[in-house]
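Here is a short report on one protein chain.

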Amino acid sequence: MNTSINYQCKLKFERRGRGARLSARVANDQDESELPKGRVPRVARLMALAIRFEDLIRRGEVRDYAELARLAHVTRARITQIMNLRLLAPDIQEAILFLPRFERGRDRIGLAQIQPIALTVDWRKQRQLWRQLSSSSLSLPQVLVNGAQTS
């Protein structure tokens with residue numbers, strides 16, 4: 001005996017990023033209000049990824065960077081670039097993780113700008129270079145989450 005079950009829900013269709021496929025997800029009225037608006041800067045996501053990769057290696061789930069590269073379908077050089085972020089002083093890593101979100105526009109700080117800082121051995125020198133970079137890059141007018149501009 002077949003019985004039918006009717007289920008009703010609201011679906012939200014959205015496209016994430018340019019050229020991305022249209023996807024559907026169950027809409028929740030509270031979803032919209034609880035989620036922070038804007039996007040996390042790319043370098044902050046890479047920093048979180050580096051922490052995650054390091055944890056995977058430490059726990060022995062992944063043997064080395066080469067295996068990470070194979071699993072992630074990227075080159076070993078790219079994994080090294082990402083993992084170099086772990087060479088930064090802890091306070092700089094924290095600052096990167098908590099960079100402000102952006103609603104639009106390009107990231108103010110990119111991985112290429114941070115690589116020379118990460119490869120500097122002295123953490124005092126790293127902090128000095130980070131202050132220079134963040135003051136010059138983050139002091140530009142930014143559109144923050146709430147739409148207010150800062151200088």
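## Model and burial

A residue counts as buried when its relative accessible area is under 20%, and as exposed when that area is over 50%. The model is predicted. By this cut-off, buried residues account for 26% of the 151 residues in the chain.

The accessible surface of the chain is about 11,000 Å². Carbon and sulfur atoms supply 52% of that area.

## Fold

The chain holds 7 helices and 4 strands. Their order along the sequence is β-β-α-α-α-α-α-α-α-β-β. Of the contacts between residues at least 6 apart in sequence, 58% join residues at least 24 apart.

## One face of H5

Which residues of H5 are buried? They are Ile 92, Gln 93 and Ile 96. Viewed down the axis of H5, the buried residues fall within an arc of 100 degrees, so they line one face of the helix. An α-helix has 3.6 residues a turn, so residues three or four places apart point the same way.

## Salt bridges

How many salt bridges does the structure hold? There are 9. The general idea is simple: side chains of opposite charge can pair when their charged atoms come close.

Arg 86 pairs with Glu 54, with 2.8 Å between the closest N and O atoms. Arg 86 is partly exposed, at 26% relative accessibility. Glu 54 is partly exposed too, with a relative accessible area of 30%.

## Further pairs and a network

Asp 64 forms a salt bridge with Arg 63, and the closest N and O atoms are 3.9 Å apart. Asp 64 has a relative accessible area of 28%, so it counts as partly exposed. Arg 63 has a value of 61%, so it counts as exposed.

Asp 122 and Arg 124 also meet through their side chains, at 3.8 Å from N to O. Asp 122 is partly exposed, with a relative accessible area of 37%. Arg 124 is exposed, at 63% relative accessibility. Elsewhere, salt bridges with shared partners join Arg 52, Asp 55, Arg 58, Arg 59 and Glu 61 into one network.

## A nonpolar surface patch

Which residues make the nonpolar surface patch? Leu 11, Phe 13, Leu 22 and Val 26 do, over about 410 Å². Strand S1 (11–15) and strand S2 (22–26) each supply at least two residues of the patch.

Leu 11 is found in strand S1. Its relative accessible area is 47%, and Leu 11 is therefore partly exposed.

## Ser 134 in H7

Is Ser 134 buried or exposed? Ser 134 is buried, because its relative accessible area is 15%. The residue lies in helix H7 (residues 123–138). Its side chain reaches the backbone oxygen of Arg 131 at 3.4 Å.

Methods:
Residues are numbered from 1 along each chain as its sequence is written. This is a predicted model: local features need pLDDT of at least 70, side-chain atom pairs count only at pLDDT 80 or more; totals for chains, interfaces and linings use all residues. Side-chain values use heavy atoms; hydrogens and water are left out. A salt bridge is a side-chain nitrogen of Lys or Arg within 4 Å of a carboxyl oxygen of Asp or Glu. Buried means under 20% relative accessible area, exposed over 50%, partly exposed in between (1.4 Å probe, protein chains only). Patches are made of residues with over 30% relative accessible area and no salt bridge: like charges are joined within 9 Å, nonpolar side chains (Val, Leu, Ile, Met, Phe, Trp, Tyr) within 5 Å. Accessible areas come from the Shrake-Rupley method with a 1.4 Å probe; for residues, only the protein chains shown count as cover. The arc is that of the directions from the helix axis to the C-beta atoms. Contact means heavy atoms within 4.5 Å. A polar contact is a pair of N or O atoms within 3.5 Å; within protein, one must be able to donate a hydrogen and the other to accept it, and residues adjacent in sequence count only if both atoms are side-chain atoms.
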